Amino acid sequence: MNNGVTIQTQKLSKTFGHVHAVRNLTLEVHQGTRFGFLGPNGAGKTTTVRILSGLMQQSSGTARVCGLPLDSKRNKIKAVTGLLPETPGLYSKLSAVEFLEFIGALNDRNGDSLHNRIDRLLALLGLESRQDDLLESYSSGMKQKVLIASTLLHEPELVFLDEPTARLDPSASVIVKELIEILAQATGTTFFICTHQTSFAEDVCDQIGIINEGQLVASGSVQDLISATKVKNLEEAYLQIVGGKVDREALLTWR
Amino acid sequence: MTRKWSRIAKAEYQVSTVSFRENRTRNITILYALGLIWALFLAPYIIGIMADFIIPIEILQIILINMLPGFMRAAMFFIWILILIIPLSRSLQEIKIGQWEIFLSNNVSTRDILIGTFIGRIPLYGLLVLFITPPFLVLFFLAFEVALLGQILTYLTLFLMILTTIWLANLITAAIQAKLGESSRGKDIANGVAILLAIVSIVPIYGIMFFSQHFSVILGLNVFLLFPFTWPADVISWITIHSSQIGFSVEQILAFQQILNFDLLFSTALMSIFTIAVVGIGLASADRIFTYNIGARTEQVTTITREHFVIRGIRKLAPGSFGSLVVTCFKDFFRRASNISKIAYGIILAVVLPFIMSQIMINIGDVGGFDMMALIMVGGIGMAMIGGYTFSGTAFMESKDQLWIIQSTPSGTARYVKARLVSAFIIAIPLGFIPALVMTLLSGGTLDRFLFLVAYGYVIIAGAIMFGTGVTAWNPYYEDTKSPEHQMNVIITTMGAQFTLFAPILITMFGDMAGLPFWNMIHDAVGATGMPYAFALISMISLLIVGSLALVIGVKRLSRPEI
């Protein structure tokens, strides 16, 4: 039983030698939440996702994902979660349909129901005219769309999205935003979204966590963070929490 | 203004001598001094002592004087292949045009790139000549009592020949890269071509190893005077003869003339004309060959069509999700040109090997060729090579992210590896036939021998596939075939599989020597005619066991969460 809590971590830490990628992360994400996980490059976002999706062993701490203990139920967690990795790891010699069939088969799905779902997802993402072309000829945005489709293919309860719109054009980003919102509302799917794009997070996410140097430094709703930092939008709130105000005078000193 | 090619040459020089970056000039100078001492004094001294220890130099002298022209041509041919084809093959496996794009976006002409890259590498090539070639030449210097000036001229000729060949290799490589690097399909074709080029190079190397005697005779034919590697070879032969302190008679010089056909002057002229022509063509065509800066590149889009009967058959046999995985692995394998080349490579190796072995047996007096034991051993080597080389981690994964995707599914890694294994087993079915047929024909065999060799060969290939897949799962790589991990996996797989095959025979033989009656026990159980079959059975079982173990360990390691 998860009592409406999809992700629950307790002092989760990960070290690589002397580098602390994640430090004492204690977090709760409720079912149906669109959780935005923000932070600068190298803050520990991707490492957190990899730990929570069962791909990486934490150094210390505990976690439950979809009510299942992370240490002992990795396979069951994988069955109910979907992962969109940071960079596209596609098979260049397969077509979009073949790749999605492959992902479906890995999740023990096949037959007409799988193919219907593949067709609908590809049509939704505007790829139906190119669905039989080899992925080697796809642009990076098109590859990203295929990966998003592969993440949703087996109807996971929890979806990890690592920079989902980084390579997408504005119209494709809008589709992904809408898709996330509709799935969260209609099916109760929980989204854990790592992103640098504060505007995307502000539009899509109802809860935000900000991680810096491996530590969770702020969390709450978008409005909570804006109010707490007394600024106008999430970007300014983020900059105030993490730092990174630009010194305009310094920008031309290299010349 | 600094010439652009000289900046590129400097960068290339810095890259090629990065190991000595602390004090580059001093270290390179010391290395050159050491190289000269090694080539002109140390190597003749050490090799002279070693040679004298094995065969008295007077006897060696007679042999080497007779061998000189043929050996030089064979050696130059070997160097030519080594320098021209192997780097070409390697660079085709890793087409990276990004660096060229940086150069060209900074308004650098392709001619500057070509010259700069080449000149920057010359110091390193010079060192290679000084350190590597003396062991091959010193014996002739000793036998012919070549004066110091003659030795220096020989090294210079060799250096010139190597530079010309490298220039030619760079030119061809750059042209092919420019054309094929334009699309991902082109890169794939380049990969395939690279492996085929390796076939072209490996067959003559085997030839030199096993047929050097016949090879020299063949190379002595006039037709070889048309090949550019013959001219520097003949120049070196003439320098050796003319700077010899033995004092050859006019008749002896005429005898050499008859073998070599052209005299020193003519051979030198041919070599020089070839060098000037190659350099000139390179410089003149550099800016025309490369089409980067002309306009937009074309990208070929490949659209898949209806599945063919084999895939439909697999789907019918295995209609579930596992069948879909097998089909995916099957499609992925056959859509890569490099895999098709690898299959061709494996088959050629397996066909060439029995030929070489039969030649050796004829050479050592066993005119009948193969007996059953030899067939099993030679067949085993060939089949293990096919299985190991063709399937050990070929395009196992294209990126680490692909592994994350597979690992993020329940038991995904194990299912994926099993599917790859099954698809490889299917692909390997026809591979057992061709080498078996060649071996049967060579040994004058019968249908039952053919069927035995097919079954034996297939089991060995399957065992090597299991072993190779296990090794790759244990040590996965995410680049193309040029990555060190891939090369390491291929070496471990082929060597490991071959060792496993022969381990039972070795254990039995050494056990026999140590007084353990393994050999007799098997002999008593199956009789003399049954011995080869018994060893074949033991070899197959041992490879299957080792292959299964490697597979289990590999899959376990690949499946576990990253620590």
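Chain A of this predicted model contains nine helices and 10 strands. The radius of gyration of chain A is 19 Å, close to the 18 Å given by the globule rule for 255 residues, so chain A is as compact as a globular protein of that length. Its C-alpha trace spans about 55 × 50 × 40 Å along the principal axes. Of the 255 residues in chain A, 48% are buried. Among the contacts in chain A with a separation of 6 or more, 68% are accounted for by residues 24 or more positions apart.

Asn24(A), in strand β2 (residues 19-30) of chain A, has a positive phi, near 45°. With 15 other C-beta atoms within 10 Å, Asn24(A) is partly exposed, because this class lies between the limit for exposed residues, 12 or fewer such atoms, and that for buried residues, 20 or more. Lys230(A) likewise is not a glycine and has a positive phi, of about 55°. Lys230(A) is located in the loop that joins α8 (222-229) to α9 (234-242) of chain A. Its 9 C-beta neighbours inside 10 Å place Lys230(A) in the exposed class.

The interface between the two chains was then considered. In chain A, 33 residues are in contact with 33 residues of chain B. The elements contributing two or more residues to the side of chain A that touches chain B are α2 (74-80) and α3 (96-106) of chain A. The largest share of this side, five residues, is supplied by α3(A). Classified by residue type, the side of chain A that touches chain B comprises 12 nonpolar, 11 polar and 10 charged residues.

Helix α15 (residues 372-391) of chain B packs against helix α21 (residues 518-559) of chain B at an angle of about 20°, and their axes are 9 Å apart. This angle makes α15(B) roughly parallel to α21(B), since angles under 35 degrees fall into that category. The crossing of α15(B) and α21(B) is right-handed. On the side of α15(B), the contact involves Met372(B), Met373(B), Ile376(B) and Gly380(B), which meet Pro532(B), Phe535(B), Ala536(B) and Ser539(B) of α21(B). The residues of this contact between α15(B) and α21(B) comprise six nonpolar, two polar and no charged.

Key. Residues numbered from 1 in each chain as written. Chains lettered and ligands numbered in written order. Predicted model: local features only at pLDDT ≥ 70, side-chain atom pairs only at ≥ 80, totals over all residues. Contact = placed C-beta atoms within 7 Å. Helix = DSSP H or I, 4+ residues; strand = E, 2+ residues; numbered from the N terminus. Nonpolar A, V, L, I, M, F, W, Y, C, P; charged D, E, K, R; others polar. Rg over C-alpha atoms; globule rule 2.2 N^0.38 Å. Axes fitted to C-alpha atoms, helices over the stretch in contact; angles between N-to-C directions. Parallel < 35°, antiparallel > 145°, perpendicular 65-115°, else oblique. Left-handed = near helix turned anticlockwise from the far one by under 90°.
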